[in-house]
Amino acid sequence: MTETTATPQWHVTGDWFDVCKCTIPCPCSYAQAPTFGDCDGVLAWRIREGRYGDVALDGLNVLMVSSFVGNVWGEHSDAYAAVFLDERADDSQREALGKIFGGEAGGWPAQLVGMLAPEVRGIEFSPITISVEDDLATWNAEVPGRVVARAEALTGPTTPEGARVQTLNPPGCETGPGQVATWGRAVADQVDAYGFTWDWEGRSSKHIPFDWSGPE
């Protein structure tokens, strides 16, 4: 961890979503053990607005591939990750993304990295495409040739037309306290990168906004 005196004030807001191995709904968001005792997941962040000191981060993307065994909010092991950062970022933006999403800049990401990525298999700057429909009907992410994550909003026989299935204040919210999770179903969850290999179509997905600041 860098000294907070060396870290500028920063603030990022945007969209986060995942697709994972768990059946719907993923128990991790309820601070419970994953469905099968372990979990493989793709986590994607789209920064709508952000600054790291004087460095603007609007529109940049970050994606993580992660696996772990046990309850991520309690005792767990074998937690590994690989991180893809937006290749469109200039040198200052790259440094800022690395500090924030590497946990060095404090705030909520520092806790998240400690849980999900105590061991990082690789970090690289890559083309990352992330899209989220304004009505949360679908959300998608891709790193060409490495990762495909696509989901559609969960619905069912009693869901009103256009309504979203949501959880208020999920007790294991991956983006921090006080958010709203919108549940979905993965229509694609394919990974082949840094030793992570899976295809979990039809499993759980959720979208949650994030609003982070630091270094406190």
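Reading the labels in a predicted model

Colleague: What makes Phe196 and Trp198 an aromatic pair, and of which kind?
Modeller: Their ring centres are 6.1 Å apart. The limit for a pair is 6.5 Å. The planes make an angle of 75°, and over 60 counts as edge-to-face. Therefore the pair of Phe196 and Trp198 is called edge-to-face. Both Phe196 and Trp198 are buried. A search of the whole structure gives 8 aromatic pairs.

Colleague: How do you know that the charged end of Arg121 sits over the ring of Phe196?
Modeller: It is 4.3 Å from the ring centre. The distance cut-off is 6 Å, and the charge must also be within 35 degrees of the ring normal. Arg121 is listed as sitting over the ring. Arg94 likewise lies over the face of Phe125, 4.2 Å from the ring centre.

Colleague: Which residues touch the most other members of the largest nonpolar core?
Modeller: Trp45 and Leu57, in a core of 41 residues. Elements giving two or more residues to this core include strand E2 (38-52), helix H1 (91-101) and E11. A second, separate core has 23 residues, among them Leu63 and Val147.

Colleague: What does Trp45 touch, beyond residues up to four places away in sequence?
Modeller: Its contacts include Trp16, Leu63, Phe101, Leu112, Phe210 and Trp212. Trp45, Phe101, Phe210 and Trp212 form one aromatic cluster.

Note on methods. Residues are numbered from 1 along each chain as its sequence is written. This is a predicted model: local features need pLDDT of at least 70, side-chain atom pairs count only at pLDDT 80 or more; totals for chains, interfaces and linings use all residues. Side-chain values use heavy atoms; hydrogens and water are left out. A nonpolar core is a set of buried Ala, Val, Leu, Ile, Met, Phe, Trp, Tyr and Cys residues joined through side-chain atoms within 4.5 Å. Buried means under 20% relative accessible area, exposed over 50%, partly exposed in between (1.4 Å probe, protein chains only). Helices (H or I, at least four residues) and strands (E, at least two) are DSSP runs, numbered from the N terminus. Contact means heavy atoms within 4.5 Å. Rings of Phe, Tyr and Trp (its six-membered ring) pair if their centres lie within 6.5 Å; planes under 30 degrees apart count as stacked, over 60 as edge-to-face and the rest as tilted.
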